[in-house]
Amino acid sequence: MQVSSLNEVKIYSLSAGRSLPEWLSDRKKRALQKKDVDVRRRIELIQDFEMPTVSTKIKVSRDGQYIMAVGTYKPRVRCYDTYQLSQKFERCLDSEVVTFEILSDDYSKIVFLECGRFVEFHSQHGHYYKTRIPKFGRDFSYHYPSCDLYFVGASSEVYRLNLEQGRFLNSLQTDASESNVCDINPVHFLFAMGTAEGKVECWDPRTRNRVGLLDCALSSVTADTEIDSLPSISALKFDGALNMAVGTSTGQVLLYDLRSSNPLIVKDHHYGLPIKSIQFQRQLDLIISADSRIIKMWNKDTGKIFTSMEPEYDINDVCLYPNSGMLMTANEAPKMNIYYIPVLGPAPKWCSFLDNLTEELEENPESTVYDDYKFVTRKDLENLGLAHLIGSSLLRAYMHGFFMDIRLYHKAKMMANPFAYEEYRREKIRQKIEETRAQRVQLKKLPKVNKELALKLIEEEGEEQQVTRKRKQKNLPSLLKDDRFKVMFENPDFQVDEQSEEFRLLNPLVSKISEKRKRKLKILEELEAQEQEEEEEPEGKASDAESSESSDDEKGWVEEVRKQRKLLRQEEKVKRQERFKEDQQTLLKPQFFEIKEGEEFRSFKDSAKKQKLMKKTLGDRLKLEEKLGTLNVSDTTVGSKQATFKLKKSEQQRKQQEAEKQHRQERKALRRSASHLKSKRGRGRRFH
């Protein structure tokens, strides 16, 4: 089973792998399965789910029990029973099947439209009746209320065959030269047909009159599309009462609302191939459209791609199993593909084991490994001395590394490390010795990281076991045996720092308790050293050298806390003295600042004053402005307050104003002196 992923949507191909020939005996099949890994790992969901050469159409009965497929060569139909996971029957036909329809809930009533203008009816026992239509047919639909079959093909007429009366009725005359596909709405039974001119004609079966016409060829041509010929209609499908999807021969899918002549959205496959099939997935509002090369799933509201699949062989038809995430395709190959997409829905009830299988695969993902190639990173190439091969044909770039031939990798590794086999041999011998040692009576082995914490947990565990034995309770799980806390005793990053300030203040009595544990650690280390030297099983355990000391009272605890705080203050004082010495030793270099043209340097105090002023609140700043006279706050007649600000003047403006003021004063003094002289002269003349 192959797993692919696009846009984080996992697709499981259930038909991947080699298929065994039918003429092989059971004994040879079993022998081949033992030898070949691909044959052993394949999943055969439905037995013999294939055609001799090519499969053209595939459908599921309305009850979901039977899957029917047609193909060649010779032309035949095969029916598969999903409850038995095997083929139910096979019937050969006289000519190739263009399309077929299952009229009943099971396989008891089937209609085949064949290449030679034949329409063949099959019942439960087999062939029932055969008739012909005037022109070659390309598609047909069944109208359930009237029991009419509507045939479209290489003619402007739509032929009607009534199955209740057993005769042809008057045909519908259309404006098209030829018709390719047709469909009947399952809600209001509107009949729609797609023409070779790129139009869709809608007919009312009750009045046999045309009620609508859509020009899809014109709507499918957008600014981004490039077409070589006139788009004709190649696929047609209704969804509910109002939605209809139309596929063109140039690779566009148009989604219509029947109340509008303009498409809601136009989706281009960008391959220029005719659309073969259109399906609707209502749970996720998706449209599944397929041409002969790719199957695309996209949102019908936004047109955003959900996921896509590109099978190995060309696609002829696509069938979505109802209310599930299973998808089946008819291909230009003997084997019919089955895909399972868990996001679309659950597995069908007849293969519910697929859900469990896919869940296990998601829990234990496996990376892709190629047998003949080795994935190496750039660092691995440098270690092997092959960094000069980057860019050559011997290395193929992939993600964050390269793929290289496994034979070249082994040769380079042997040359880079010729003693690798000896190291491997020593490692194997060491592992064997470890396995034999594990069978002996083990002493208490403490981890490399947080030994004192592990010893504390072991002591607490022993005390809890004694209490639970007396009270007859269940033992709680140990932290040392819990995988969630395993890294705490393996990774040095989790080592408890006993010299930190927080640890010493929170654990004031840790010094005395740690002394007891350190004695135990020394005893255990000595025992381990003796075991390694003697390599013999010890006859008994060493007795603990722990003296029975009573716990300190409250007074001792307070004294220990004071002692720890005093030590911390002394350490902080020593650090401050060291920093002061370093500051004295460092020489301060003068710093120069550039002043822009037109500005004057005053002092550094102005910036400090500005920073202090910015830290104050708005109320404090307003009070300061009032004192300086730059702000005037007054009450208005309405009851509100009015604030008037005066802009601060720059030094240059202030100097200019002072100069003007001085000039005005000088001129005033001159005028006064001149007037005084004139008055004196006048008095002198009168005197004379």
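This report walks through the fold, cores, cavity, salt bridges and backbone details of the structure above.

## The model at a glance

This is a predicted model, so to speak of local features pLDDT must be at least 70, side-chain atom pairs count only at pLDDT 80 or more, and totals for chains, interfaces and linings use all residues. Residues are numbered from 1 along each chain as its sequence is written, and side-chain values use heavy atoms, with hydrogens and water left out.

The protein chain has 14 helices and 34 strands. Helices (H or I, at least four residues) and strands (E, at least two) are DSSP runs, numbered from the N terminus. Of the 688 residues in the chain, 35% are buried. Here buried means under 20% relative accessible area, exposed means over 50%, and partly exposed lies in between (1.4 Å probe, protein chains only). Among contacts (heavy atoms within 4.5 Å) between residues at least 6 apart in sequence, 44% join residues at least 24 apart.

## Nonpolar cores

A nonpolar core is a set of buried Ala, Val, Leu, Ile, Met, Phe, Trp, Tyr and Cys residues joined through side-chain atoms within 4.5 Å. The largest one has 23 residues, of which Leu-45, Phe-49, Ile-58, Met-326 and Met-328 touch the most other members. Strand 3 (54-60), strand 4, strand 28 (326-331) and strand 29 (337-340) each supply at least two residues of this core, and strand 28 gives the most, with three.

Not counting residues up to four places away in sequence, Met-328 touches a list of residues including Phe-49, Ile-58, Val-60, Ile-67 and Ile-338.

## One cavity

A cavity is found on a 1 Å grid over the protein atoms alone, as a set of points where a 1.4 Å probe fits but cannot get out; lining residues have an atom within 4 Å of a point. Grid points are joined across faces, edges and corners, and the volume is the space filled by probe spheres set on the points. The count comes to one cavity of 30 Å³ or more, and the largest cavity has a volume of about 30 Å³.

Which residues line the largest cavity? They are Thr-56, Val-70, Gly-71, Thr-72, Pro-75, Glu-96 and Val-97. Strand 4 (residues 66-72) gives the most to this lining, with three residues. The lining divides into three nonpolar, three polar and one charged residue. In this grouping Ala, Val, Leu, Ile, Met, Phe, Trp, Tyr, Cys and Pro count as nonpolar, Asp, Glu, Lys and Arg as charged, and the others, Gly among them, as polar.

## Salt bridges

The structure holds 16 salt bridges, each a side-chain nitrogen of Lys or Arg within 4 Å of a carboxyl oxygen of Asp or Glu. In one of them, Arg-76 pairs with Glu-90, with the closest N and O atoms 2.4 Å apart. This pair links distant parts of the chain, with Arg-76 in strand 5 (residues 76-81) and Glu-90 in strand 6 (residues 86-92), 14 residues apart. Arg-76 is buried at 12% relative accessibility, while Glu-90 is partly exposed at 32%. Salt bridges that share partners join Arg-76, Arg-78 and Glu-90 into one network.

Another pair is Arg-430 with Glu-427, whose closest N and O atoms are 2.6 Å apart. These two are separated by about one helical turn, because they are three residues apart in helix 7 (residues 420-438). Both are partly exposed, Arg-430 with a relative accessible area of 41% and Glu-427 with 34%.

## Backbone details

Where do cis peptide bonds turn up? One runs from Thr-72 to Tyr-73, with omega near -10°, and another joins Tyr-73 and Lys-74, with omega about 5°.

Asp-48 sits in the loop between helix 2 (37-41) and strand 3 and is partly exposed at 29%. Cys-147 is in the loop between strand 11 (137-143) and strand 12 (148-153), and is partly exposed at 23%.

Key. 1 Å grid on protein atoms, 1.4 Å probe; cavity = no way out; pocket = protein on both sides within 12 Å on 5 of 7 lines; lining within 4 Å.
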